[in-house]
Amino acid sequence: MNMKAEQLKFLDGKEIIHVQDKACIQAKYPIGNGDGIVQIYDLFPGIQLMINDFQTDSCFQSGMEQNAITIDHCRKGRFECVFDRQHYLYLGEGDFSIHNVLRSPVRSSFPLHYFYGSTIILFPESCENAPELQLFGIDTERLTEKYQLDTQCHVFRRNEDIDHVYSELYENLKQPDLPFLRLKVLEIIYHLQSSQIVLEEKQDYLSVETTERVKHIRDHLVQDMEQRISLKDLAEEHGLSLTQLKISFKQIYGQTPYAWLKSYKMHEASKMLAESDLKISEVASAFGYQNPSKFSEAFCAVMGKPPVQYRKEYRSE
């Protein structure tokens, strides 16, 4: 297998940190305020599976256009796509998209500062003459025609049939089995190429103005976590109705403002518990909880265990 024969341009020059049985390469992707790890499996002539694990707010690079069809799936986190510099659309957990890299969104990012998912990559020129793909009726021209990939990028909501296949694929990654991964990727492409499954396209675009206002409100929420800020006041200050703020915030971050803030606080508190010797009551106070019991209840709801147990287990690792 020659993994360098064909790959997405944005992997050019990235540090290769692991090669597994000549079937998979693992590359480190330093960018912005974090980094990511991508694993690339060479499955068929012209088809690769890329597993993406990012801890950053963006992996976008301009000038990466090439003739390759990508099917992107969000397993954890959220993925922001910016179209025509005026409209934003979001992949939540279970959502997926299909587009040609020649017609990519003009910008993309990870609103939650982390993302885990996968990308199925099809290189049309190599797929054309691959007998393995012809046997299963995989045809990049049919995909291009069906989804008008010469001009359009599509984002779809979670689909039960396709989600089941993806769940099996991710489960197998714990101990990767190449024939099984090949089968799952063929299933996904077949579902997308078939007319038997009805996909629901996401059309709930946000304007750039609304998106920037909501992001600014998010910054207000985390500036002083000891105080409970009025959403109504923040909405009015930013020229939004309270309903508009709640709906738009959930589109971007996947949760209502207060639910998101609670989760954010508990993850920040977990860092403080791990890295300091502050008492539980002091950590609670730093995040606006005067009652340590209420803090422990909230922490357990988000992190799955009480603060004392979390600190003990972290330090015993």
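I take a cavity, on a 1 Å grid over the protein atoms alone, to be a set of points where a 1.4 Å probe fits but cannot get out. A volume is the space filled by probe spheres set on the points, which are joined across faces, edges and corners.

**Ground rules.** I am working on a predicted model, in which local features need pLDDT of at least 70 and side-chain atom pairs count only at pLDDT 80 or more, while totals for chains, interfaces and linings use all residues. Residues are numbered from 1 along each chain as its sequence is written, and side-chain values use heavy atoms, with hydrogens and water left out.

**Entry 1, the cavity.** I searched the whole structure and found one cavity of 30 Å³ or more. The largest cavity has a volume of about 30 Å³. Which residues line the largest cavity? I noted Asp 72, Phe 79, Cys 81, Ser 97, His 99, Pro 105 and Cys 153, where a lining residue has an atom within 4 Å of a point. Strand 6 and strand 8 are the elements that give two or more residues to this lining. Helices (H or I, at least four residues) and strands (E, at least two) are DSSP runs, numbered from the N terminus. By type, I have four nonpolar, two polar and one charged residue in the cavity lining. For these classes, Ala, Val, Leu, Ile, Met, Phe, Trp, Tyr, Cys and Pro count as nonpolar, Asp, Glu, Lys and Arg as charged, and the others, Gly among them, as polar.

A pocket is an open set of points with protein on both sides within 12 Å along at least five of seven lines. I read about 730 Å³ of space for the largest pocket. Its lining has 24 residues, and Leu 112, His 113, Tyr 114, Ser 263 and His 267 lie nearest its centre. Two or more lining residues come from each of strand 4 (47–55), strand 5 (69–77), strand 10 (115–122) and helix 9 (257–275). Which element gives the most to the pocket lining? Helix 9 does, with seven residues. The lining divides into nine nonpolar, eight polar and seven charged residues.

A nonpolar core is a set of buried Ala, Val, Leu, Ile, Met, Phe, Trp, Tyr and Cys residues joined through side-chain atoms within 4.5 Å. Buried means under 20% relative accessible area, exposed over 50%, and partly exposed in between (1.4 Å probe, protein chains only). The largest core holds 37 residues, of which Ile 120, Leu 122 and Leu 192 touch the most other members. Among the elements that give two or more residues to this core are strand 3 (34–44), strand 8 (96–100), helix 3 (140–147) and helix 4 (160–172). Helix 5 gives the most, with seven residues. I then looked up the contacts of Leu 192, leaving aside neighbours within four places in sequence, with contact meaning heavy atoms within 4.5 Å. Leu 192 is in contact with Ile 71, Phe 96, Ile 98, Leu 143, Lys 146, Tyr 147, Ile 162 and Leu 199. I also logged a second, separate core of 23 residues, including Ala 27, Ala 68, Val 101 and Val 155.

Seven of the nine residues of strand 4 are buried. Strands pair if DSSP finds at least two bridges between them. Strand 3 and strand 4 pair in the antiparallel sense over nine bridges, and Tyr 41 stands opposite Leu 49 in strand 4. These two strands form a hairpin with two residues between them, and Gly 46 in the turn has a positive phi of about 90°. Strand 4 is also joined to strand 10 by eight bridges, again antiparallel. There, Asn 52 has Gly 117 of strand 10 as its bridge partner.

**Entry 5, strand 7.** Strand 7 (residues 87–91) has four of its five residues buried, so it is largely enclosed by the rest of the structure. Five bridges join it, antiparallel, to strand 6 (residues 79–83), and Phe 83 has His 87 as its bridge partner. In their hairpin, with three residues between the strands, Asp 84 takes a positive phi near 45°. Strand 7 also pairs with strand 12 (residues 206–207), antiparallel, over two bridges. I put the four strands in an open antiparallel sheet in the order 9-6-7-12. Strand 9 (107–109) and strand 12 stand at the edges with a single partner strand each, so one side of each is left without a neighbour in the sheet.
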